[in-house]
Amino acid sequence: MKPTAVMLLHCPDKPGIISEVTKFITDNKGNIVYLDQYVDREDGMFFMRIEWELEKFLIPRDKIQEYVETLYCRRYQMTFNLYFNDERPRMAIFVSKMSHCLYDLLARYKAGEWNVDIPCIVSNHEDLRYIAEQFDIPYHVWSIKKDHSNKAEVEAAEMELLKKERVTFIVLARYMQIVSDDLIKEYPHHIINIHHSFLPAFIGARPYHQAWERGVKIIGATSHYVTADLDAGPIIEQDVMRVSHKDTPESLVLKGKDLEKIVLSRAVTKHIQRKILTYNNKTIIFS
């Protein structure tokens, strides 16, 4: 794969933004291989993802950020992020006792579906260590006391590990702990969570059993970025499945687990591909 640069940007919508940015790239001998854009007419905002080959690009890659800031940020009130496809994201997975999402993530990783590294798995329980060993990934456990009296100490140790392993984003694969504001600030819009879509109707333990008792006809799952507001961060991916009176609590749990795996993997895929742009607690998902 040829080295490419990927730029995600947003700014107030004005005429000429696409032509200016594409001209900057082509004038400097860059070959554009992807361009997708969207205008939010309600807010008057412009969003774009553009990717170009660096093989013959005249500007050194370590100077591209500076050029874009100088030429366009003030002029268009532009905010942007710049990535390179040969710099692999580094994903840490946080788990507790449920294995279905972890197995699915590691299977996709091992199959080569994702351009990502997984340097560590973090847990508050020993239960899933055997899975990490199957995939030869270091597994780190910090037990959290029931009264949470050691939670700050645990998170400090976790953050030290994440920094040491140069982790760029985190996936909460049914990690049954609330992460602190400090960790969220270290990884803004870079912590992905998965949960059943019964929230807030079926809060707490055994949500699928609660849903069965109410005779629901649709179950679902939602993946989102974690923010300080619990389960209220920008939504990345969702899906649903029809169920009926013939389902049992056990069959709902199995169907729900399948949805959770699929929805989480889709969200992780989009993040790895750098195709998600967050704005005002919403996401723009590029094709």
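Entry 1, terms for pockets. I worked on a 1 Å grid over the protein atoms alone, where a pocket is an open set of points at which a 1.4 Å probe fits, with protein on both sides within 12 Å along at least five of seven lines, and its lining residues have an atom within 4 Å of a point. Grid points are joined across faces, edges and corners, and a volume is the space filled by probe spheres set on the points. I noted that this is a predicted model, in which local features need pLDDT of at least 70 and side-chain atom pairs count only at pLDDT 80 or more, while totals for chains, interfaces and linings use all residues. Residues are numbered from 1 along each chain as its sequence is written, and side-chain values use heavy atoms, with hydrogens and water left out.

I found about 430 Å³ of space in the second largest pocket, and its lining has 23 residues, of which L8, N81, Y83, H190 and H271 lie nearest its centre. Two or more lining residues come from each of β1 (4-12), β4 (79-84), α8 and β12 (276-279), these names being DSSP runs numbered from the N terminus, with helices (H or I) of at least four residues and strands (E) of at least two. β4 gives the most, with 5 residues. Domain 1 (4-84) and domain 2 (90-285) each supply at least three residues of this lining, the bounds coming from an automatic or database domain assignment.

I read about 730 Å³ for the largest pocket, which 33 residues line, with R174, Y175, M176, H195 and D231 nearest its centre. At least two lining residues come from each of α6 (181-186), β9, α7 (207-214) and α8 (249-272), and the largest share, 4 residues, is from β9.

Which order do the strands of the open sheet of 7 follow? I wrote down β7-β6-β5-β8-β9-β10-β11, with mixed pairing, where two strands pair if DSSP finds at least two bridges between them. β7 (139-141) and β11 (235-242) stand at the edges with a single partner strand each, so one side of each is left without a neighbour in the sheet. I also followed β8 (residues 169-172) and β9 (residues 191-196), which pair in the parallel sense over 3 bridges, and I saw that I170 has I191 in β9 as its bridge partner.
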